[in-house]
Amino acid sequence: MRPPLPEPEIRAFEAIHGIELPPRYRSFVAEVGDGPAHGLLPLTTPRPEADDDGAVDDEWARDRLPGRLASPFPLTEPAPGRLAATADTLKRGTLALAEEGCGMYIRLVLNGPRTGEIWLLDPDWGGFTPLDRDFHSWYTKWLTALPHASQG
């Protein structure tokens with residue numbers, strides 16, 4: 001994992017994007033580290049292998065387009081089912097935290113009544129639905145579910 005981000009770098013990211021990171025995620029990148037480890041995407045700089053033209057890196061870059069993170073999160077309720085045509089619009093106001101494969105992403109809601117919640121975007125089958133109430137709770141469950149966690 002990359003080292004924690006310095007406070008000025010976090011503040012600069014928030015200022016550039018017109019957002020405030022939810023406290024639990026913000027403290028993670030400030031005190032624990034800034035990915036990429038165990039599938040987490042980094043906050044401020046691309047993954048070292050980003051030149052490989054992977055879909056996850058395109059998703060990471062799209063999140064950082066001007067105004068995208070500050071856009072209102074459009075959902076107040078889950079949107080189950082196929083969303084392929086509207087997925088791009090629905091993920092505004094969220095930050096990709098991790099890729100789950102097959103076009104599925106774990107996303108952090110950055111604004112509105114769902115701020116701080118973790119949602120799963122599965123545009124082809126499952127829709128856009130909440131996974132957990134905050135980053136810490138989700139990340140703890142996610143880490144313990146990884147295959148290596150049970151190998152001791």
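Are F73 and F128 buried or exposed? Both of them are buried. Here are a few notes on this predicted model, taken one site at a time.

1. **The F73–F128 pair.** The model holds 11 aromatic pairs. One of them joins F73 and F128 in an edge-to-face arrangement, with 5.8 Å from centre to centre and 90 degrees between the planes. F73 sits in the loop between α3 (55-63) and α4 (87-90), while F128 belongs to strand β4 (residues 127-132), so this pair ties together parts that are 55 residues apart in sequence.

2. **The Y139–W142 pair.** Here the ring centres are 6.0 Å apart and the planes meet at 45 degrees, so the pair is classed as tilted. Y139 and W142 are each buried.

3. **The aromatic cluster.** If you colour the aromatic rings, please include Y25, F28, F135, W138, Y139 and W142, which ring pairs link into a cluster. The tilted pair of Y139 and W142 therefore has its two members within this group.

4. **D132, at a strand.** What is the burial state of D132, an acidic residue in strand β4? With a relative accessibility of 10%, D132 counts as buried, because the cut-off for that label is under 20%. Its side chain has two partners worth a look. One is the side chain of S137, in a polar contact at 2.8 Å. The other is the backbone nitrogen of W138, which the D132 side chain reaches at 3.4 Å. W138 is also a member of the aromatic cluster. Leaving aside residues up to four places away in sequence, D132 touches E117, I118, S137, W138 and K141.

5. **Y105, in strand β2.** Y105 is found in strand β2 (residues 104-109). Its relative accessible area is 5%, so Y105 is buried, the cut-off being under 20%. Which residues does Y105 touch, not counting those up to four places away in sequence? They are A55, V56, E59, A96, A98, E99, W119, L120 and L121. For one of these, E59, the C-alpha atom is separated from that of Y105 by 9.1 Å, although the two residues are 46 apart along the chain.

Technical notes
Residues are numbered from 1 along each chain as its sequence is written. This is a predicted model: local features need pLDDT of at least 70, side-chain atom pairs count only at pLDDT 80 or more; totals for chains, interfaces and linings use all residues. Side-chain values use heavy atoms; hydrogens and water are left out. Helices (H or I, at least four residues) and strands (E, at least two) are DSSP runs, numbered from the N terminus. Buried means under 20% relative accessible area, exposed over 50%, partly exposed in between (1.4 Å probe, protein chains only). Contact means heavy atoms within 4.5 Å. Rings of Phe, Tyr and Trp (its six-membered ring) pair if their centres lie within 6.5 Å; planes under 30 degrees apart count as stacked, over 60 as edge-to-face and the rest as tilted. A polar contact is a pair of N or O atoms within 3.5 Å; within protein, one must be able to donate a hydrogen and the other to accept it, and residues adjacent in sequence count only if both atoms are side-chain atoms.
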